[in-house]
Amino acid sequence: MILHETKELDYRPKRIISLVPSQTELLYYFGLETETIGITKFCVHPTTWFITKDRIGGTKTIDTDKIKKMQPDLIIANKEENVKEQIEELALHYPVWVTDVNNVDDAKQMIEDLGELTGKNNEAQQLCAAITKVYLNLPKINRAVKTAYLIWQNPYMTVGGDTFIHDMLQKCGFQNIFSNKTRYPETDIAELKAAGCELLMLSSEPFSF
């Protein structure tokens, strides 16, 4: 079943599979070494887990048969990162918690939810407090720099105003020149110039230098 509230899981999971890299890192932060039994091939951090944990495919190419053989008692997925049909199939057999993170507040709520599900409430609260403190202490910027954040090349893809990256840019004092668009639109150099881009940020993995 797909869990809609943390209280629907009435036990502490001992066989967790993570289908999202960022959530794998959160499980590691919580100290759930023994409880986490499976991760994706993109969960490269921490390195020790990438080497030792069973990998169940990519975020969008999940090996559902392998997962079934592993008999998890909690699967952690993400609305945007994973394929809806695969998650629904898994939910017929196992409890699945699907996260949906579009801004920093959503991220903190996700941290608290996973802390509740895994019995790591204190760790979750400490992490959320640390995140809040970081944002409260960000230096003030006099003028928002017109910025574009590229997440992909061939074709170039950027971020719209309804994404987590946009929220991060805004909170850090940058002006996303594509805030009037949604999700992850394609763009090109001509459009970047026409929009008056002053700062170009690149997501590290898709780009080679």
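α5 passes α6 in a right-handed crossing. The model behind this report is predicted.

**The α5 and α6 pair**

α5 covers residues 104-118 and α6 covers residues 121-136. They pack at an angle of about 165°, and their axes lie 7 Å apart. Angles over 145 degrees count as roughly antiparallel, and α5 and α6 are therefore roughly antiparallel to each other. On the α5 side, the contact is made by V104, K108, I111, E112, G115 and E116. On the α6 side, N121, A124, L127, C128, I131, T132 and Y135 take part. By class, this contact of α5 with α6 holds seven nonpolar, three polar and three charged residues.

**The α1 and α5 pair**

Helix α1 spans residues 21-29. Its axis and that of α5 come within 11 Å and cross at roughly 55°. α1 and α5 are therefore oblique to each other. Their crossing is right-handed. Q23, L26 and L27 of α1 meet M110, I111, L114 and T118 of α5. Here the residues divide into five nonpolar, two polar and no charged. I111 of α5 belongs to the contact with α1, and I111 is also listed in the contact with α6.

| Helix pair | Angle | Axis distance |
|---|---|---|
| α5 and α6 | about 165° | 7 Å |
| α1 and α5 | roughly 55° | within 11 Å |

**The six-stranded sheet**

Which order do the strands take in the open sheet of six? The order is β1-β6-β5-β2-β3-β4, and the pairing is parallel. β1 (2-3) and β4 (54-55) stand at the edges with a single partner strand each, so one side of each has no neighbour in the sheet.

Now the individual pairings. β2 (residues 16-18) and β3 (residues 36-39) pair in the parallel sense over two bridges. I17 has G38 in β3 as its bridge partner. β2 and β5 pair, also in the parallel sense, over three bridges. I17 stands opposite I75 in β5. β5 and β6 pair in the parallel sense over four bridges. There, the partner of A77 in β6 is V98.

Is β5 buried or exposed? Five of the five residues of β5 are buried, so the strand is largely enclosed by the rest of the structure. L74, I76 and N78 point one way from β5, while I75 and A77 point the other way. All of these are buried.

α5 returns here. It lies across β1, β2, β5 (74-78) and β6 (96-99), and runs at about 165° to β6.

**The three-stranded sheet**

A further open sheet has three strands in the order β9-β7-β11, with parallel pairing. Its edge strands are β9 (174-176) and β11 (199-202), and each pairs on one side only. Neighbouring strands of this sheet are turned by 40° against each other on average, direction ignored.

β7 (residues 145-150) runs parallel to β9, and three bridges join the two strands. The bridge partner of K146 is Q175 in β9. Helix α7 (residues 164-171) lies across β7, β9 and β11. α7 runs at about 145° to β9.

Conventions: Residues numbered from 1 in each chain as written. Predicted model: local features only at pLDDT ≥ 70, side-chain atom pairs only at ≥ 80, totals over all residues. Heavy atoms only, no water. Axes fitted to C-alpha atoms, helices over the stretch in contact; angles between N-to-C directions. Parallel < 35°, antiparallel > 145°, perpendicular 65-115°, else oblique. Left-handed = near helix turned anticlockwise from the far one by under 90°. Contact = heavy atoms within 4.5 Å. Nonpolar A, V, L, I, M, F, W, Y, C, P; charged D, E, K, R; others polar. Pairing = 2+ DSSP bridges. Buried < 20%, exposed > 50% of the residue type's maximum accessible area, 1.4 Å probe, protein only.
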